[in-house]
Amino acid sequence: NKYIYSEAIKISTLPTPLKIFSRVPERFSSAFLVLVCETAMFYPENLNLSWYKNGIEISSGITITKQQNAEGLYEASSSITETQTVRTETVYTCQVSHPSLQILKTYLHDFLS
């Protein structure tokens with residue numbers, strides 16, 4: 001008798017450090033600000049990007065895209081559109097959670113000069 005033994009191996013790849021940047025709103029848009037948070041080169045796909053404004057979670061005006069590259073790794077970006085005037089002391093936070101991370105990673109974008 002032959003026995004076949006199989007074991008699944010879980011491999012996780014850490015997301016690259018997040019980048020947060022602002023983008024010029026589209027012409028004739030009601031937006032005052034568009035912020036983008038992006039990361040790449042992670043596996044498995046189940047990554048979550050969350051946005052906060054002055055510590056309060058943002059639940060609307062968010063766009064998320066994920067795609068797989070030729071190497072089988074994923075990249076993701078999330079953007080928020082701010083339709084209210086942005087004050088200089090406002091702090092926007094993008095937070096990433098992924099199975100390969102022991103703790104949540106948080107990146108800030110503020111408007112203090």
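1. β1 and β2 (residues 33-42) run antiparallel and are joined by five bridges. For the bookkeeping, helices (H or I, at least four residues) and strands (E, at least two) are DSSP runs, numbered from the N terminus, and two strands count as paired if DSSP finds at least two bridges between them.

2. Before going further, a caveat: this is a predicted model, where local features need pLDDT of at least 70 and side-chain atom pairs count only at pLDDT 80 or more, while totals for chains, interfaces and linings use all residues. Residues are numbered from 1 along each chain as its sequence is written, and side-chain values use heavy atoms, with hydrogens and water left out.

3. Strand β4 (residues 56-57) has the highest mean, 94, and strand β8 (residues 105-110) the lowest, 64. Over residues 5-9 the pLDDT is below 50, and that stretch has zero contacts in the model beyond near neighbours in sequence; contact here means heavy atoms within 4.5 Å. Where pLDDT is low, the predicted coordinates should not be read in detail.

4. Back to the sheet. Four strands make up an open sheet in the order β1-β2-β6-β5, with antiparallel pairing. β1 (19-23) and β5 (62-68) are at the edges with a single partner strand each, so one side of each has no neighbour in the sheet. Direction ignored, neighbouring strands of this sheet are turned by 20° against each other on average; axes are lines fitted to C-alpha atoms, for helices over the stretch in contact, and angles run from 0 to 180 degrees between N-to-C directions.

5. Thr63 has Ser79 in β6 as its bridge partner. The two strands form a hairpin with five residues between them, and Gly72 in the turn has a positive phi of about 90°.

6. Leu73 is also worth a look, in the loop between β5 and β6. Leu73 counts as buried because its relative accessibility is 16% (buried means under 20% relative accessible area, exposed over 50%, partly exposed in between; 1.4 Å probe, protein chains only). Leaving out residues up to four places away in sequence, Leu73 touches Thr13, Met41, Phe42, Tyr43, Gln67 and Gln68. Leu73 and Pro44 lie 29 residues apart in sequence, yet 7.6 Å apart in space, C-alpha to C-alpha.

7. Now the disulfide (a pair of cysteine sulfur atoms within 2.5 Å): the count comes to one. Cys37 is joined to Cys94, S to S 2.0 Å. The pair links distant parts of the chain, with Cys37 in strand β2 and Cys94 in strand β7 (residues 91-97), 57 residues apart. The link is left-handed, with -80° about the S-S bond. Cys37 counts as buried, at 0% relative accessibility, and Cys94 is buried at 0% too.

8. Of its 17 residues, Cys37, Leu49, Trp51 and Cys94 touch the most other members. β2, β3 (48-53), β6 (74-82) and β7 each give two or more residues to this core, and the largest share, four residues, comes from β2.

Key:
pLDDT = per-residue confidence, 0-100. Core = buried A, V, L, I, M, F, W, Y, C linked by side-chain atoms within 4.5 Å.
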